[in-house]
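Please look over the structure below before reading the briefing. The notes are grouped by topic.

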Amino acid sequence: MDLATDPSTLARRLTQIGHRAGLDRVGIAGIDTFATVRSSIEDRVASGMSGGLTFTFNHPERSTDITQSLPWARSLVVGGKAYLPEAGSPAATVSRTGRIARFAERDHYRPLRSALGEIAAALEAAGHRSEVVCDDNRLVDRAAAVRAGVGWWGKNTMVIAPGHGPWMLLGTVVTDAHVEASEPMRRDCGTCDACIPACPTGALVAPGVLDARRCLAALLQQPGSIPTEFRAAVGDRIYGCDDCLEACPPGGRLLDSVGSTRGRVSIEYILTASDAELLDHFDRFYLPRRRPGILRRNALVAAGNSGDVELAALVTSYLTHPDPVLVEHAAWARECLVGSGAGQPAPSGK
Ligand code: B12
Ligand code: SF4
Ligand code: SF4
């Protein structure tokens, strides 16, 4: 592939390549430090709102300045790939199953990475260095996307794009080529604030500010105990949470167009499968240190919330499990199912 050398033609060609490879949005950004984002991340850590998450919170100075990882970087070619309607929607209620957020219903990062790979390959064929950086601690993906005009920053902290709403995963090709930057999008949420009351745990504490200590997406992927005050709100979730995305009007039409139901998984399967089976079946999930116990813990909470007494025997079998976290969640779930009232959290808050 012949690539032009002038920055403006190069931007056009790379955008075309990205779209042909399946990207829904492509934009170009410069590599200046994301200074505001850096101070936001530092504020989240200082206030405790990062909730012990690592990712970009570990080294904000590195995640907000790509030249610290890739000193040759000159431009960021940012891509967004929508995962609706493909991901479908979890059916409303199917007994003895839990729900997986749409982004993780299968590996939706794969087509995104592959499309970004085509852009990188074209750059390399033209003699440029390039590297795909996607959902990686070296770069704040949303900040790059906003600067590249891929979308705007929503009050639910998501990058929102016209036609796709928040239902888009993001990634970047970092290159040493000089590519003309795109204009950031001149749009914002306006007077809408539908996502804020839609959050079941009040994790969106102000427009654009997420307290990860309250966010179910964070709580369900972290090890340890899920605080009892949030267990009822977990509902039937096993991994991820889509409530603040579902509430978002710019993604509404796409959500309504979804025909298929996916993203349900058997609670009994999670509670009876071996470690190896769980890690293989859910290999796309982020589970710190590959701990399958996180899934079992979540399944116990979902079982407790199900009100389905048929699950009580399986839940009870966990009362002798060697992992004390699972024992405690099993006791809670059992109390919900056969204790003071099906579906109610244990009154003692154990
Ligand atoms: C850590 C992380 C999480 C954490 C924390 C999320 C968070 N909001 O910070 C947890 C585990 C909770 C999480 C959850 C989810 N995540 Co996540 N996550 C990341 C990760 C690794 C880093 C994000 C980060 O740096 N946060 C730091 C904080 C400070 O950034 P921020 O909240 O965006 O803050 C900015 C805005 O709030 C804005 N802002 C500040 N004030 C104001 C005021 C107003 C009015 C407005 C509008 C904006 C605004 O400026 C801040 C920065 O200066 C990225 C991948 C990556 N490497 O970038 C994926 C990423 C953000 N996650 C993603 C996804 C898909 C999700 C989930 C939807 C998954 C799910 N269904 O469960 C949920 C969504 C929850 C939510 N509302 O954010 C996508 C988002 C795609 C998109 N279109 O935006 C990313 C980009 C992964 C990817 N490569 O596609 N995630
Ligand atoms: S992902 Fe769920 S819990 Fe987290 S902020 Fe959005 S609605 Fe709230
Ligand atoms: S629900 Fe409304 S306020 Fe929230 S991100 Fe979507 S458009 Fe913005």
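What follows covers the domains, a pocket, a cavity, a helix pair and some backbone details.

This is a predicted model, in which local features need pLDDT of at least 70, side-chain atom pairs count only at pLDDT 80 or more, and totals for chains, interfaces and linings use all residues. Residues are numbered from 1 along each chain as its sequence is written, chains are lettered from A and ligands numbered from 1 in the order in which they are written, and side-chain values use heavy atoms, with hydrogens and water left out. The chain is divided into domain 1 (7-96 + 105-175) and domain 2 (201-240 + 263-338), with bounds taken from an automatic or database domain assignment.

**Domains**

- The C-alpha centres of domain 1 and domain 2 are 29 Å apart.
- Their contact (heavy atoms within 4.5 Å) takes 24 residues from domain 1 and 25 residues from domain 2.

**Second largest pocket**

- A pocket is an open set of points on a 1 Å grid over the protein atoms alone, with protein on both sides within 12 Å along at least five of seven lines, and its lining residues have an atom within 4 Å of a point.
- The second largest pocket holds about 160 Å³ of space, where a volume is the space filled by probe spheres set on the points, and grid points are joined across faces, edges and corners.
- Of the 14 residues lining the second largest pocket, T93, V94, T97, D236 and S306 are the closest to its centre.
- Helix α14 (residues 293-306) gives three residues, the largest share of this lining; helices (H or I, at least four residues) and strands (E, at least two) are DSSP runs numbered from the N terminus.
- The lining of the second largest pocket divides into four nonpolar, six polar and four charged residues, with Ala, Val, Leu, Ile, Met, Phe, Trp, Tyr, Cys and Pro counted as nonpolar, Asp, Glu, Lys and Arg as charged, and the others, Gly among them, as polar.
- Both domain 1 and domain 2 give residues to the lining of the second largest pocket, so it lies between them.

**Largest cavity**

- A cavity is a set of grid points where a 1.4 Å probe fits but cannot get out, and the count comes to one cavity of 30 Å³ or more.
- The largest cavity has a volume of about 60 Å³.
- Among its lining residues are P90, R99, R237, Y239, D243 and E246.
- By class, this lining has five nonpolar, one polar and six charged residues.

**Helices α14 and α16**

- Helix α14 packs against helix α16 (residues 324-338) at an angle of about 10°, with axes 7 Å apart; axes are lines fitted to C-alpha atoms, for helices over the stretch in contact, and angles run from 0 to 180 degrees between N-to-C directions.
- That makes α14 roughly parallel to α16, a term for angles under 35 degrees.

**Backbone details**

- The peptide bond from L84 to P85 is cis, with omega near 10°.
- F55 is not a glycine, yet has a positive phi of about 45°.

Terms used: Parallel < 35°, antiparallel > 145°, perpendicular 65-115°, else oblique.
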